[in-house]
Amino acid sequence: MMKRIVVGIKRVVDYNVRIRIKPDGSGVVLDGVKMSVNPFDEIALEEALRIKERGLAEEVIVATIGPPDCQSQLRTCLAMGADRAVHVLSDAPTEPLTTAHILLKLIEREQPFLVLLGKQAIDEDNGQTGQMLAALWQRPQATFASKIELAEGKAQVTREVDAGLEILEVDLPAVVTVDLRLNEPRYVKLPEIMKAKKKPLESLSLESLGVTPRAHLTTVRVAAPPQRQKGIRVDNAAALVAALKEKGLLPS
Amino acid sequence: MSASILIIAEHDGAALGIGTAKCVACAATVPQAEITIVVCASDASAVARQAAALQGVSRVLTVEHPIHAHPLAAAIAPQIAALAGPYTHVLGPSSTFGKDVMPRIAALLDTAQVSDIMAVEGPHRFRRPIYAGNAIVTVAVPEDTKVVGTVRTASFHAAAAGGTAPIEKVDAPVEPPQHTRFVSTSAATSDRPDLQTAARVISGGRALGSAEAFQMLYQLADKLGAAVGASRAAVDAGYAPNELQVGQTGKIIAPDLYVAVGISGAIQHLTGIKDARTIVAINKDPEAPIFEVADLGLVGDLFEIVPQIEQLL
């Protein structure tokens with residue numbers, strides 16, 4: 001059987017955009033805002049491509065769930081080097097648990113030995129999908145990966161944890177969610193963008209996969225965070241130390 | 001309606017993590033909450049005693065199994081899912097431990113997770129940050145649904161000790177899978193205060209320019225009894241190890257004093273320090289965004305200013 005890696009990606013507001021909140025508090029303004037591939041997912045794709053380039057995988061499949069506009073992000077991924085793309089159409093955003101159920105259906109179809117995802121999406125900051133997918137799939141998970149080494153039927157994954165670095169060994173297939181320092185994604189060159197237009201991009205409906213999205217959580221309102229009071233400037237180190245002393249912030 | 005809340009203890013086999021006491025504090029803000037802590041460990045006795053001593057805790061459960069010598073999500077999640085039946089809420093800290101294990105538990109319970117709870121508005125209503133903290137969303141979980149959540153530890157003061165909850169040993173409800181194995185951990189040992197709990201933190205950014213220059217911050221930190229942190233740029237450049245990273249994808253901290261040295265203040269960094277009581281910024285660029293959130297700002301060359309401060313202390 002073909003050795004496949006499935007990479008899940010999400011279309012999100014570009015990380016350089018300063019978001020605005022809708023005046024009625026119903027959400028964040030998305031109209032006319034630059035959208036990109038979630039940066040963590042780009043790292044996941046880069047890792048999949050490097051694994052393939054080392055001869056340890058034969059096909060990299062990139063998958064996303066979302067409205068028709070997501071095709072543009074899938075094309076970016078194809079231009080980076082993914083072999084084909086699968087687009088599961090959903091006009092409404094899906095909660096992580098539904099996303100995991102959909103990805104599980106794709107896994108059953110594609111039979112990958114490895115699934116790579118970003119550790120979180122920078123819009124909702126949930127950080128759940130990979131772990132939920134691993135649970136539903138009843139397979140190992142290795143989250144926050146900063147290094148992935150593959151051996152026969154196994155992977156050794158270095159994870160960035162609060163205490164430092166942890167190494168886990170997992171049997172394959174497994175789900176690995178990636179952290180920032182795993183790699184630096186490549187730049188896409190123009191000829192590759194042209195070539196990517198000819199690569200296969202398949203669209204699937206939720207019905208055809210047999211998944212009914214469930215919304216467990218309701219958004220009550222979205223608000224701006226409390227702003228900090230404007231501070232003051234001091235002229236030199238002595239003034240700074242004096243100000244800190246006055247505030248009682250230095251050890252006695 | 002009363003709430004019955006199960007909290008998953010974070011620990012290293014000997015000491016209970018501070019995140020657990022913060023989860024207790026969060027759970028205590030749910031009206032009429034009865035709080036149970038569960039400790040999964042190979043030998044749970046020491047950790048269970050510390051958990052039982054937290055004020056507001058009604059009961060501590062211990063699940064002992066050799067595989068729990070290390071915190072493997074794939075091994076812990078099925079135990080918790082099997083125990084979770086009677087509880088209305090299952091909570092864990094929003095640390096790398098909690099972020100790893102809680103969604104796996106939520107999926108096994110076939111429910112959603114509320115990540116990074118920063119405030120409780122009701123038993124089924126929570127506030128949480130999105131977009132790196134640039135928006136705060138209030139979410140509601142249906143009343144008949146179990147709440148699974150991670151607690152944004154910087155938003156809560158740790159529950160105090162002084163309680164005496166009973167400890168009950170329960171048989172491991174399931175035989176954990178063997179497909180995930182712990183190999184090793186490289187935790188830097190340090191005499192300095194822990195970044196996540198320190199009252200004072202000195203952080204360095206890209207402008208430090210080298211790992212050697214970071215030594216200057218360590219010296220100042222030692223004089224201040226402070227922990228040392230770093231921006232993503234500084235960690236990426238290899239000036240500081242990953243466990244020092246502060247920000248959206250690193251640690252979210254709430255010290256009394258945060259001193260940002262040579263950190264420009266990307267929104268991803270600022271989200272990690274929003275709850276600091278006083279923020280000091282030292283940067284040579286007067287337009288650096290860090291000055292927008294700083295209570296005290298000093299424009300100048302950090303290589304001159306930091307040694308001057310050290311001398312003045």
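A:N126 lies in the loop between strand 6 (114-118) and helix 4 (129-137) of chain A. Helices (H or I, at least four residues) and strands (E, at least two) are DSSP runs, numbered from the N terminus. The model is predicted: local features need pLDDT of at least 70, side-chain atom pairs count only at pLDDT 80 or more, and totals for chains, interfaces and linings use all residues. Residues are numbered from 1 along each chain as its sequence is written, chains are lettered from A and ligands numbered from 1 in the order in which they are written, and side-chain values use heavy atoms, with hydrogens and water left out.

Stay with A:N126. Is A:N126 buried or exposed? A:N126 is buried, because its relative accessible area is 19% and buried means under 20% (exposed is over 50%, partly exposed in between; 1.4 Å probe, protein chains only). Beyond its neighbours within four places in sequence, A:N126 is in contact with A:P96, A:A121, B:S115 and B:R128. Contact here means heavy atoms within 4.5 Å. With B:R128, the side chain of A:N126 makes a polar contact of 3.4 Å. A polar contact is a pair of N or O atoms within 3.5 Å; within protein, one must be able to donate a hydrogen and the other to accept it, and residues adjacent in sequence count only if both atoms are side-chain atoms.

Now take the whole interface. Chain A gives 78 residues to the contact, and chain B gives 86 residues. The two chains bury about 6,800 Å² between them, with 53% of it on carbon and sulfur atoms. Buried area is the accessible area (1.4 Å probe) that two parts lose on being put together, summed over both. On the chain A side, A:D162, A:R181 and A:R228 lose the most area to chain B, together 11% of what that side buries.

The interface of chain A and chain B holds 7 salt bridges, each a side-chain nitrogen of Lys or Arg within 4 Å of a carboxyl oxygen of Asp or Glu. B:R181 and A:D171 form a salt bridge through their side chains, at 2.7 Å from N to O. Which element of chain A gives the most to the side that touches chain B? Strand 9 does, with 8 residues. By class, that side of chain A has 39 nonpolar, 16 polar and 23 charged residues. Ala, Val, Leu, Ile, Met, Phe, Trp, Tyr, Cys and Pro count as nonpolar, Asp, Glu, Lys and Arg as charged, and the others, Gly among them, as polar.

Another loop of chain A holds A:D179, between strand 10 (174-178) and helix 5 (190-196). A:D179 is buried, with a relative accessible area of 3%. Not counting residues up to four places away in sequence, A:D179 touches A:F40, A:I43, A:K119, A:F144, A:A145 and A:E160.

Domain 1 gives 5 residues to the contact and domain 2 gives 8 residues. About 620 Å² is buried between these domains, and carbon and sulfur atoms give 43% of that area. B:A132, B:R152 and B:A154 lose the most area on the domain 1 side, together 68% of what that side buries. The count between the domains is 1 salt bridge. B:D275 and B:R152 meet through their side chains in a salt bridge of 2.6 Å, N to O.
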